[in-house]
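Here is a short report on a structure, with the interface taken up before the parts. Look through the sequence and the coordinates, then read on.

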Amino acid sequence: MNTRVSITNPYNGPLEGDNAFAQITHNVSRIMEAPRPPLAWYIAFAFALGLLGVFGLSLGIVVWEGIGAWGHVHPVAWGFPIVNFVFWVGIGHAGTLISAILFLLRQNWRTAINRFAEAMTIFAVVCAAVFPGVHIGRPWLPYWMFPIPNQMGMWPQFRSPLEWDVFAVGTYATVSVLFWYMGMIPDFATFRDRSTSTVRRFVYGLVAMGWRGSSRQWHRYERAYLLLASLATPLVLSVHSVVSFDFATSQLPGWHTTIFPPYFVAGAIFGGFAMVVVLAVPAREFFGLKKIITLKHLELMAKVILATGMIVGYAYAMEMFVAWYSGSIYEQFAFLNRAFGNYAWSYWTMIFCNVLAPQVFWFKKLRTNVWVILIVGIIVNVGMWFERFVIICTSLTRDFLPANWGAFIPSAVDYATLAGSFGLFFTLFLLFCRYLPMVAMAEVKAFIPESHVHDH
Amino acid sequence: MSDSEKPLATETPLYGLIAEYDNPTALVHAARKVRDAGFRRWDTYTPFPIHGIEKDMGIRMTRLPWLVLGFALTGMAVATYFQYWTNSVDYRWIISGKPFWSWPANVPIIFEMTILFSAFAAIGGMLFLNNLPLPAHPLDLKERFRRVTDDKFFLVIEASDPKFDERDTRGLLAATNPVVLDDVLEDRVTSDRIPAPLIYTLVILGAVSLIPFAFIAKARAAKTTEGRVHVVWDMDFTPAYKAQEGNPLFGDQRSMRTPPEGTVALGQLHDDEHLYTGKVGDEWASSFPESLALSEATMERGKQQFGIYCTPCHGQLGDGNGIVHQRASKLKQGWVPPSDLHQTYIKEQPAGQIFGAITNGVRNMPAYGPQISAEDRWAIVLYLRALQKSQSASVNDLTDAERAQLQ
């Protein structure tokens, strides 16, 4: 793959600049400055646009026909849209985790990957927001969830977990965008100062807001960054906890468990990191970023995946144990049914993908092989999707009353919206790679040895 | 710009002096000298934040954290009060039988709003304190200064600093071994006016964006004889028939369907005649049904149910002097008093008949069958039997032990 692509890849040339700082600037800026991105970018972009079209079409059907176009049946009113929502929100956790929590823990290796992990977060949250937005049935009325004074004199019900969701995901999206944008200001300034065309200079100049790298400004900037990181950390932990409340505060066997918040958060980090590696491996390959996003970074991420995967595996085991220990026959049935009932295949797919597959990362040889990392990353994403499917479908199809049991069979529109949401995600991501600073240049520069001040 | 407008370079006042360095160490050493010389209006410019340069420059800690704290507390207070006011004052929601203000369920939103407000304060405050956005600056005219966002380090002392002296300051900077030392002139070239086309576009866009609102305002104020616009037809007019509506799809034109003959709802078979009607054959049963346990627990249950359903009229003792009777006989003439349940004819009635009286009502007494389950009705009868006995018991009815206790 390497050799063939490099023929057309404009990013594999030598780096300009006589010092390490200039080389970093050049390595990142040339992605935006090259007249044409590599062929692989065009192919991927065409594919993503096609999927985006599928997304638009299938959502159009749902909006026109009503949400019955999805495979919802009587006991399973949540189906794919909520599975997809939880899946995408989960993906959207790694970005802020890498930027905020690893920042607070002073894990400096994060600087190479934080920018595009943050971008990934935002695009994933965009994908996530679409699903409940359409699933409410009248997608033109989502503002009913916001406290807007109206002629009926009504207010939303703030004690509902679904309303908490609106605030948690809304706040998360806003804070992530702010965090992301603020991080990019100095890099936009770099783009502005390097640009040769007036349009580019104007546009990047506008978003750089007149940043000139003054130390007095850096001082406040860094304070603000630290504060945002400390705010984003509890926020990111709260978001998936709140999402898990949608389930945990209900009385359905298999949902009504206190383990959900931590288990969901661990799962989100796990799935999010898997998505980061899936994006990072091709991105560093095609955009010539191997010197910045090194194998060392990929290996560290593989370790995080291994660790969080074990937490998730522990949670699966604990769920089983608690069901048995609770003595509640409904709870026990729910879990036996998960493992051996009509959706057993999805349960064991989940166990394979989330618990067994990451175990290969115990071996240094395997966790430093990009192909292995990429494949395990994809498997974990599949597994995390199935985790949400298992939780939603097994519990809803088999609740307390046998008279109320049913089966969920997704419709073609279900599959199309799921596939289409990846189209939206990849379209946004590819545009980001091409036009925005994919690596936080200023932050990377601050951590190379040349940046140290020597006192003699 | 015509030539006459262009200011002559010599007339342009000095903005300050700029020194360029190619590594952070050189910059920091220079910064310490400038700090020690007591300058105030000066700054360093770097491609990335240099850690610890605050001390070398004598920068004091920013007030930003206090600002963020203030906003955090505001967000918390606003979210708390707003939820309190909307959900428990202005539009009360009854949720799972909780009090109108049950704050633990409001905490998630309070938390999220606290974070949201603080995040806005952090980035907004940073921009505000940093005086951003700042579109133009004298340094922008320096071609070399563009490398500041790439790999070069600069130190600028402004001419407006009280300590600034062109010759001395230049000497001070020269002693720090900069790569380049240069003058910066005030910016007399860049216009600080917003370009006219931009203003026109914004004004026009602003005006256009008001049009939809104008239509809404008109629709709300004006009267019309036409009904509202139905945007989503099948949601306003559902194709489903309502229970009492006519329905052309069925022969009898009714939407509500009668269940097929012989349908029995779950738990409604009622095949135990004795238990459900109080009769055996055509006669009132004189015994209690077999499925009823004649136990202490049933007696207790009967007492409780009697207390709920019968005492208002018949009184605690069953003598017909209940609270309803007391009040009704004062208010209304011709009120038929509830029977004294200790009358002999009632005492002699078979258990099934009393059960029947509760189930179907007697003369002026309403039926309680629909409200009280069959088992509970029997329990009441059992209790009533005990009650009747209690009002006419003699010493001989007691056991020896009980008699001994009384004496």
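## Interface and salt bridges

Between chain B and chain A, the rule finds 2 salt bridges across the interface. The model is a predicted one. One bridge joins A:Arg212 to B:Asp140, and their closest N and O atoms are 2.8 Å apart.

The contact itself draws on 75 residues of chain B and 66 residues of chain A. About 6300 Å² is buried between the two chains, and carbon and sulfur atoms give 64% of that area. On the chain B side, B:Phe48, B:Glu112 and B:Thr149 lose the most area to chain A. Together they account for 10% of what that side buries.

Leaving out residues up to four places away in sequence, A:Thr174 touches B:Leu116 and B:Phe120. A:Thr174 counts as partly exposed because its relative accessible area is 29%, between the 20% and 50% cut-offs. Along its own chain, A:Thr174 is 59 residues from A:Arg115, and the two C-alpha atoms are separated by 16 Å.

### Salt bridges over the whole structure

Side chains of opposite charge can pair when their charged atoms come close. Over all chains, the search finds 25 salt bridges.

| Salt bridge | Closest N and O atoms |
|---|---|
| A:Arg212 and B:Asp140 | 2.8 Å |
| B:Asp151 and B:Arg147 | 2.9 Å |
| B:Glu166 and B:Arg170 | 3.1 Å |
| B:Arg403 and B:Asp400 | 3.6 Å |

The next pair lies within a helix. Why are B:Glu166 and B:Arg170 separated by about one helical turn? They are 4 residues apart in helix H5 (residues 166–174) of chain B, which means a separation of about one helical turn. B:Glu166 is partly exposed, with a relative accessible area of 41%. B:Arg170 also counts as partly exposed, at 28% relative accessibility.

Helix H15 (residues 400–406) of chain B holds B:Arg403 and B:Asp400. These two are 3 residues apart, so about one helical turn separates them. B:Arg403 is partly exposed at 25% relative accessibility. B:Asp400 reaches 60% and counts as exposed, being over the 50% cut-off.

### A nonpolar patch on chain A

Which residues make the nonpolar surface patch of about 550 Å²? They are A:Tyr143, A:Trp144, A:Phe146, A:Ile148 and A:Met152. A:Trp144 is placed in the loop between helix H6 (114–135) and helix H7 (161–194) of chain A. At 51% relative accessibility, A:Trp144 counts as exposed, because the cut-off is over 50%.

### Domains of chain B

Where do the domains of chain B fall? The assignment gives domain 1 (10–215) and domain 2 (273–401). The C-alpha centres of these two domains lie 85 Å apart.

Key:
Residues numbered from 1 in each chain as written. Chains lettered and ligands numbered in written order. Predicted model: local features only at pLDDT ≥ 70, side-chain atom pairs only at ≥ 80, totals over all residues. Heavy atoms only, no water. Patch = residues over 30% accessible without salt bridge, like charges linked within 9 Å, V, L, I, M, F, W, Y side chains within 5 Å. Areas by Shrake-Rupley, 256 points an atom, 1.4 Å probe, with all protein chains shown as cover. Salt bridge = Lys/Arg side-chain N within 4 Å of Asp/Glu carboxyl O. Buried < 20%, exposed > 50% of the residue type's maximum accessible area, 1.4 Å probe, protein only. Domains from an automatic or database assignment. Contact = heavy atoms within 4.5 Å. Buried area = accessible area lost by both parts, 1.4 Å probe.
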